[in-house]
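Please keep the sequence and the model in view while reading.

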Amino acid sequence: MRLGVLDVGSNTVHLLVVDAHPGARPLPAHSHKAELRLAQLLDADGAIGAEGVDRLVAVIREALQAAEDKGVENLLPFATSAVREAGNADEVLARVHAGTGVALTVLTGAEEARLTFLAARRWFGWSAGKLLVLDIGGGSLEIAYGIDEEPDAAVSLPLGAGRLTAARLPGDPPDPEAVRALRRHVRTEIARTVGEFSRFGAPDHVVATSKTFKQLARLTGAARSAEGLYVQRELKRSSLESWVPRLAAMTTAERADLPGVSEGRANQLVAGALVAEAAMDLFAVETLEICPWALREGIILRRLDHMHHA
């Protein structure tokens, strides 16, 4: 079966097409992305404006055409924090359905964390033991921990790189006092959740997903994406800590020239780095491993599981 996952995220609308059947790993066949940055299109009331909704509808139509061109048999459309937390979420969903025929499933933050955890568990296998999984998106930070395929603890915090950049980091480069204030805010929010996880004991393996973590790992010396999925990539806290002040002192254009940093994500890399550094510090993580699979793969795996049981 050729499956398509349509991910309406806080930064991008991403169609991932895979060839899949129960019991086998999904094989990527096609990827179609459009940068939308919904997390940064919210108005003062927290609603997505008419122009933003129009752009979203147009981008979803393009993705549907790509899915049709690639012979997708089953489309799994979902939305994450930018739509979930928009003040006019119901209106946005209705407009998307009316304009495209797509009924977006809006995931809760906990569902995002659990599905991302499932993908990481399947990627690393049972031998990885107790997993701690971190995922920084455009709108939220997901943290999950467990020894099985369903995590023992899973939380979602409003600490996405795009959201924080738009709300708390004015200027280019950002104002140093704003950076310090954001650092305090991020650490306070994450610290509130640490106790929920620490009662389960130390993890055997810590992994991270998302573009933010991948870019930070590349900056600190990890292999390029061109070297393939199966090359081990790590991020060390000591290396990240040395990069945070350097990133904060750069302009967006200067960050975009760094290895592995895309032009579209360069503006939010400071916020992402502050969240990554805080999470690694507060959870006492010295080194984590980058997981190639994340939420989209988790949704595919869950659908395949349901098909198998049916």
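## What covers helix α1

The buried residues of α1 are covered by elements that include β1 (2–8), β2 (12–19), β3 (27–35) and α3 (89–100), where contact means heavy atoms within 4.5 Å. The model is predicted, so local features need pLDDT of at least 70 and side-chain atom pairs count only at pLDDT 80 or more, whereas totals for chains, interfaces and linings use all residues. Residues are numbered from 1 along each chain as its sequence is written, and side-chain values use heavy atoms, with hydrogens and water left out. Helices (H or I, at least four residues) and strands (E, at least two) are DSSP runs, numbered from the N terminus.

The residues of α1 that are buried are G52, V53, L56, V57, V59, I60, A63, A66 and A67; buried means under 20% relative accessible area, exposed over 50%, and partly exposed in between, with a 1.4 Å probe and protein chains only. An α-helix has 3.6 residues a turn, so residues three or four places apart point the same way.

## Span and end of α1

Helix α1 comprises residues 50–69, and its 20 residues reach 29 Å from the first C-alpha to the last, close to the 28 Å expected at 1.5 Å a residue; the expected span is 1.5 Å times one less than the number of residues. After α1 comes G71, which has a positive phi, near 75°.

Strand β7 (residues 141–146) is mostly covered, with six of its six residues buried. In a regular strand the side chains alternate between the two faces of the sheet. From β7, L141, I143 and Y145 point one way while E142, A144 and G146 point the other way, and all are buried.

Strand β6 (residues 131–136) pairs with β7 in the antiparallel sense over six bridges, pairing being assigned if DSSP finds at least two bridges between two strands. Within this pair, L132 has Y145 as its bridge partner, and a hairpin of four residues joins β6 to β7. Strand β8 (residues 153–157) also pairs with β7 in the antiparallel sense, over five bridges; here A144 stands opposite A154, and six residues lie between the two strands of the hairpin.

## The parallel pairings of β9

Strand β9 (residues 205–209) is largely enclosed by the rest of the structure, because four of its five residues are buried. Strands β6 and β9 run parallel and are joined by five bridges, with V133 opposite V207. Strand β9 also runs parallel to β11 (residues 287–290), to which two bridges join it, and there V207 stands opposite E289.
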